[in-house]
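Q: I'm new to this one and would like to learn how to read it. Could you walk me through it step by step?

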Amino acid sequence: MHLHKYEKIWLSLGGLALIAFLVVLGVNAFAMGSHPPSHMAYVDPTKVDQTAPFDKPGLVQIGDNEYDLNMTAFVFGYGPAQIEIPKGAKVHFNVTSKDVAHGFSIPGTNVNMMVLPGHVNSVTHTFDQAGEFLILCNEYCGVAHHMMMSNIVVK
Amino acid sequence: MIHRGIEHRAADLSLAYVLVAYLAFGVAALAGLLQGLVRGGMIELPEFITYYDILTAHGVLMGLVFTTFFIIGFLFSGMAKTMGGLTPTGTKLGWIGWAMMFFGTAMGTATILTGEAAVLYTFYAPMKATPWFYIGAALLIIGSWVAGFGMIHSYRHWRKNNEGKLSPLFAFMAISTMVLWLIATLGVAAEVVLQLIPWSFGWTDKINVVLSRMLFWFFGHPLVYFWLMPAYVAWYAVLPKIIGGKVFSDSLARLAFVLLILFSIPVGFHHQLMDPGISSAWKYVHVVLTLAVVLPSLMTAFSMFAVFENRGRAMGAKGLFGWFAKLPWKDVRFFAPMLGMLFFIPAGIGGIINASNQMNQVVHNTIWVTGHFHLTVGTSVTLTFFGITYWLIPTLTGREMSKRINALGIIQTLTWAIGMLIMSGSMHFMGLLGVPRRTAFTTYLDHVQALKWISYQKLMAIGGVFLFIAAALMVGIVLYLWLFAKKGVTEYPIAENETISSTPRLLERWPVWVTISLCLILIAYGYPIYDVIQNAPPGSPGVKTW
Amino acid sequence: MAREALSKQETAPKTKPHPPEEESSLRGTFVSVLILGALIVGSWAAAFWLYLSRG
Ligand code: HEM
Ligand SMILES: [Cu+2]
Ligand SMILES: [Cu+2]
């Protein structure tokens, strides 16, 4: 098998670029903690309403301007549907589904994850700016999927 | 007397596949038009059908039916051309597969249009469709296996009769494509047959959701390579002939295909980067393997440019880029696939971004992703298939494409390209704003964030209108070439090798490659699948949420 | 020019095939793929920047 000289250079450069991407991603994920949402906790999907903390969805302060926001996703909404968050707060979203697969995304931020029945998924975001933020479902979940939302007010 | 480009039984078979492909394509294009207009807020659907019924039909008919039928028809034809026909058994298996696939498609489509299966083409559990939808899907898959066995039968027969000879490049690539398909579809077949069908009949009451998603995406990523590889077949083995050149390097072409088989399967977690229940370390393993599969595409890019440059220089082109102008831009058989290749540049870049682990958070399930695969499968692959169709149907029917059809074909190709620039461009842009995919028209109760993107959805709809016009033209041209074009002789274009071949024999040792592929799969999936079965959360009952 | 070299080889086959390197320059191809590479790296970096800026 014969490789043209230029093709050798091209494939080496291409290979190096791909390795560089992987190194940057790996360092950012494993050394700096920017993992994609991959939470491993379980919950019985038929008993979400009886299981803490999802029996009382909402904001729980856990530190200095740091909060857990426990939420449920269901056809076709989230609990709670309206949330107030203090400006500058660091918020850990913990979300599970009571029925089918849902999405959980806040446009303009990196908050974006799948919410599956039986699992809790988790993502963290710091709200540095005041304003209204939309939580929307970006995984098709049924006939009123496009109505599935919640509203965050940061002030 | 009809002069067909290949043996007539193989020609009939191939034609039967291609015609069903375009039937599905036509229906799905209409659905696509409606989706764009609904999302643009320009029309509302009548009571009896929802946005999601139509979206399911579009995804299934475009992504699974149009592609699979066209691919199998095209591969059969090229194998018959380069191996001097198919075996009688091979042809028979081809027809049995066709019938199973056709029946499965009809069944599946009926359940979708009657509102029994608005689960989209990914049919994620625990949304539960009627069992007949899953049975239709199973028939489509198993039928494609039978067709694949038909190809393998003919290939083995050829190799027995031509001992010591290197198999034709086209046949090798066709078999590679089907080998990939046979391995990849095992995942979805297991999901459908072992999990979904018993559960939707009510024989089991709960389902392991993450397992079902793993099995689906075990199939879902190689699926996109199953779409792409036949386009590569046309680029490597046909296009050089159309421009009057030669294959750039037979051995590199084969090596690229082997690498595609090896690295396109053990990578499915890049579709589940945002899922809970899969550890971030395993996700990263799949990300590494995903970027490895970029290499054969980098090889392909080099080979294509080289074929064009060699040909252009042979025709006297000067300077660094003089060869570019020498290419036969006015020949639709070249023009359509060439535009497809150019579209593959942004398409491939988008793919690398999507697969980049945590960066997927920016685009996951936004309409950026929809914009991305309308570039890959919806343009690179589809325009290449259009380019093939312009000569394939006349070859199969013993007719000729006239100058006027060629000119119409150029217009058709351009219309598609413009429509896609508009539609896919606005989809990419909106995706970065966070606009969700798979979502009917909504302003989220006039939320300030949502109101910012509403007008771009109109732009997307306008792109869809261009695309629909191009699709309608294409269906018309297919009918014309099939039934009305002038009788004549159209040669089946197959490119020859540039140099005396020095292709290593190892590339044709299938047991070696299949074994390595299975080992890679075991590494990437063995433990995660064991783990998700052993340590599963409580299962989910099914629901119909539409 | 490239073509001439090739046809000479075809009329007088040698025992060992010519490596394509000597037959064609492929400078245009090389520059083309380098542009492609730059596009890939540039777009990827832009997307990564967007990711970081939204963190
Ligand atoms: C007439 C041309 C086309 C138009 C107007 C069109 C339009 C659309 C639109 C607007 C959507 C997204 C809707 C949403 O996510 O809410 C969509 C989804 C999709 N399209 Fe197309 N499309 C066309 C051609 C194609 C082609 C040629 C293919 C593949 C061969 C294709 C495959 C798909 C798939 C797989 C989906 C995803 C469905 C899902 O998310 O479940 N489309 N199309
Ligand atoms: Cu939803
Ligand atoms: Cu993929």
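Predicted model: local features only at pLDDT ≥ 70, side-chain atom pairs only at ≥ 80, totals over all residues.

Q: Which protein atoms are the donors of the copper ion (ligand 3)?
A: Look for His221(B) with ND1, His270(B) with NE2 and His271(B) with NE2, lying 1.8 to 2.1 Å from the copper ion. Along the sequence, the spacing of these donor residues is H-x48-H-H.

Q: Is His270(B) buried or exposed?
A: Buried means under 20% relative accessible area. His270(B) has 8%, so it counts as buried. His271(B), at 24%, counts as partly exposed.

Q: How many cavities of 30 Å³ or more are there?
A: Here's the general idea: rolling a probe the size of a water molecule over the atoms shows where empty space is left. In this model the count comes to 10 cavities of that size. Take the second largest cavity, with about 620 Å³ of space.

Q: What lines the second largest cavity?
A: Its lining has 36 residues, and Gln35(B), His58(B), Thr370(B), Phe373(B) and His374(B) lie nearest the centre. By type, the lining residues split into 21 nonpolar, 12 polar and 3 charged.

Q: Which helix gives the most to that lining?
A: That's H2(B), with 8 residues. Helices of chain B that each supply at least two lining residues include H1 (8–39), H13 (367–397) and H16 (454–484).

Conventions:
Residues numbered from 1 in each chain as written. Chains lettered and ligands numbered in written order. Heavy atoms only, no water. Donors = N, O, S within 2.8 Å, 3.2 Å for Na, K, Ca; no water. Buried < 20%, exposed > 50% of the residue type's maximum accessible area, 1.4 Å probe, protein only. 1 Å grid on protein atoms, 1.4 Å probe; cavity = no way out; pocket = protein on both sides within 12 Å on 5 of 7 lines; lining within 4 Å. Points joined across faces, edges and corners; volume = space filled by probe spheres on them. Helix = DSSP H or I, 4+ residues; strand = E, 2+ residues; numbered from the N terminus. Nonpolar A, V, L, I, M, F, W, Y, C, P; charged D, E, K, R; others polar.
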